[in-house]
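Here's a quick briefing to read alongside the model. Take a look at the fold first, then work through the points below.

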Amino acid sequence: MFVAIACDLISEKHRAEVYDLVKQYGFTEVLKDVFESVSIKETLLSRLKRDIDRRTDFYDKIKMYQYPIDGVLVVTMLADKKWRKTVMSMK
């Protein structure tokens, strides 16, 4: 599964913690504040979301783009300390 993560983190402490975390999960920084992985499993992604949630606060924002999941693009966003998911059909 391909996953891209875009980060908008308010504090330098959160930025350092989250960036170290996503690199531990095997992501590579491809642009400033953007990471990608083509080899992460869905079970690890759930754990990553939980770990990110522990290292962020109300003002931080994270977007994850996952493809393919059952043939669709899934965009998951952390905003206001809540994860929200949007499923987009590619047909």
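**A buried aspartate**

At 12% relative accessibility, D51 counts as buried (buried means under 20% relative accessible area, exposed over 50%, partly exposed in between, with a 1.4 Å probe and protein chains only). Keep in mind that this is a predicted model, where local features need pLDDT of at least 70 and side-chain atom pairs count only at pLDDT 80 or more, while totals for chains, interfaces and linings use all residues. Residues are numbered from 1 along each chain as its sequence is written, and side-chain values use heavy atoms, with hydrogens and water left out.

**Around D51**

- D51 sits in helix α2 (helices are DSSP runs of H or I with at least four residues, strands are runs of E with at least two, and both are numbered from the N terminus).
- Setting aside neighbours within four places in sequence, D51 is in contact with L21 and Y25 (contact means heavy atoms within 4.5 Å).

**The nonpolar core**

- The largest nonpolar core has 18 residues, and I5, F27, L48, I52 and I62 touch the most other members (a core is a set of buried Ala, Val, Leu, Ile, Met, Phe, Trp, Tyr and Cys residues joined through side-chain atoms within 4.5 Å).
- Two or more residues of this core come from each of β1 (2-8), α1 (12-24), α2 (42-54) and β4.
- The top contributor is α1, with four residues.
- Not counting residues up to four places away in sequence, I62 touches a list of residues including I5, V18, I52, M77 and W83.

**Strands and hairpins**

- β4 and β5 run antiparallel, joined by six bridges (two strands pair if DSSP finds at least two bridges between them).
- I69 has V72 in β5 as its bridge partner.
- The β4–β5 hairpin has two residues between its strands, and D70 in the turn has a positive phi of about 55 degrees.
- β5 (residues 72-79) is mostly covered, with seven of its eight residues buried.
- Eight bridges join β5 to β6 (residues 82-89), and these two also run antiparallel.
- A79 has K82 in β6 as its bridge partner.
- The β5–β6 hairpin has two residues between its strands too, and D80 in the turn has a positive phi of about 55 degrees.

- Y67 lies in strand β4 (residues 61-69).
- Y67 is partly exposed, at a relative accessible area of 36%.
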